[in-house]
Amino acid sequence: MVKEREAGTIEQLLMSPASTAEIIIAKIAPLFVLLCMMVLLALGVLKVVFQVPFHGSLPFVLSGGVLCILSGISLGTVIATVSKSAQQAQLTAFFINPPLSSLSGALSPIEAMPPWLRPLTLVNPIHHFATIVRSSMLKGSGFAVLWPNVLGLLIFTLALVSLSIWRFRKQLS
């Protein structure tokens, strides 16, 4: 989106008969489908190659993956609509994405983090998805146990999707 704004092709989108919602869906859909296929591939590799046991519900894990993917795409869209250039968007993403993954608890336990950093994991969608995957796959936990993480991930996804749509519409107008 940033490169389209830099190249001036965003005006062509505005002149097309497509609505704003159609433009947003057309921008997000290919990346969403690709990332969903990557989630399926990763789960397949976990099961077949590394023989990680899968005790939980596959649809439950996939629904958590869909929410996490949507929140990530929405965060990228917000960054793209705020940035003035592609370089600025890349630098902004560079300062947002590594802390999100480091503070998710997916790579290192939250208990190993300094106490003042631990509350930040609660405002991290990757943390909620990692908890859902770990608990569902390895322990067989379901919605009854993981509903706080699903709710947190759903809230972040809805907030980020709404913000990205609002920013994108503001950019088009």
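This is a predicted model: local features need pLDDT of at least 70, side-chain atom pairs count only at pLDDT 80 or more; totals for chains, interfaces and linings use all residues.
Residues are numbered from 1 along each chain as its sequence is written, and side-chain values use heavy atoms, with hydrogens and water left out. Local features need pLDDT of at least 70 and side-chain atom pairs count only at pLDDT 80 or more, while totals for chains, interfaces and linings use all residues.

The protein has 7 helices and 0 strands. Helices here are DSSP runs of H or I with at least four residues, strands are E runs of at least two, and both are numbered from the N terminus. The C-alpha atoms fill a box of roughly 50 × 35 × 30 Å along the principal axes. Of the 173 residues, 34% are buried. Buried means under 20% relative accessible area, exposed means over 50%, and partly exposed lies in between (1.4 Å probe, protein chains only).

Start with α3, residues 20-48. Its 29 residues should span 42 Å at 1.5 Å a residue, and its end C-alpha atoms are 42 Å apart, which agrees. The expected span is 1.5 Å times one less than the number of residues. The helix does bend, by about 30° at Ile28, and Pro30 follows within four residues. That angle lies between axes fitted to the seven residues ending at a position and the seven starting there.

Which residues of α3 are buried? They include Ile23, Ile24, Ile28, Val39 and Leu43. A nonpolar surface patch is formed by Leu31, Val33, Leu34, Met37 and Met38, with about 470 Å² of accessible area together. Areas come from the Shrake-Rupley method with a 1.4 Å probe, and for residues only the protein chains shown count as cover. Patch members have over 30% relative accessible area and no salt bridge; like charges are joined within 9 Å, nonpolar side chains (Val, Leu, Ile, Met, Phe, Trp, Tyr) within 5 Å. A salt bridge is a side-chain nitrogen of Lys or Arg within 4 Å of a carboxyl oxygen of Asp or Glu. Met38 is partly exposed, at 48%.

Next comes the loop between α3 and α4 (58-82), which holds Gln51. Gln51 has a positive phi of about 50°, although it is not a glycine. Most residues other than glycine have a negative phi. Gln51 counts as exposed, at 64% relative accessibility.

Last, the core. The largest nonpolar core has 20 residues, and Met137 and Leu153 touch the most other members. Elements giving two or more residues to this core are α3, α4, α6 (125-139) and α7 (143-172). The largest share, 6 residues, comes from α4. Such a core is a set of buried Ala, Val, Leu, Ile, Met, Phe, Trp, Tyr and Cys residues joined through side-chain atoms within 4.5 Å.
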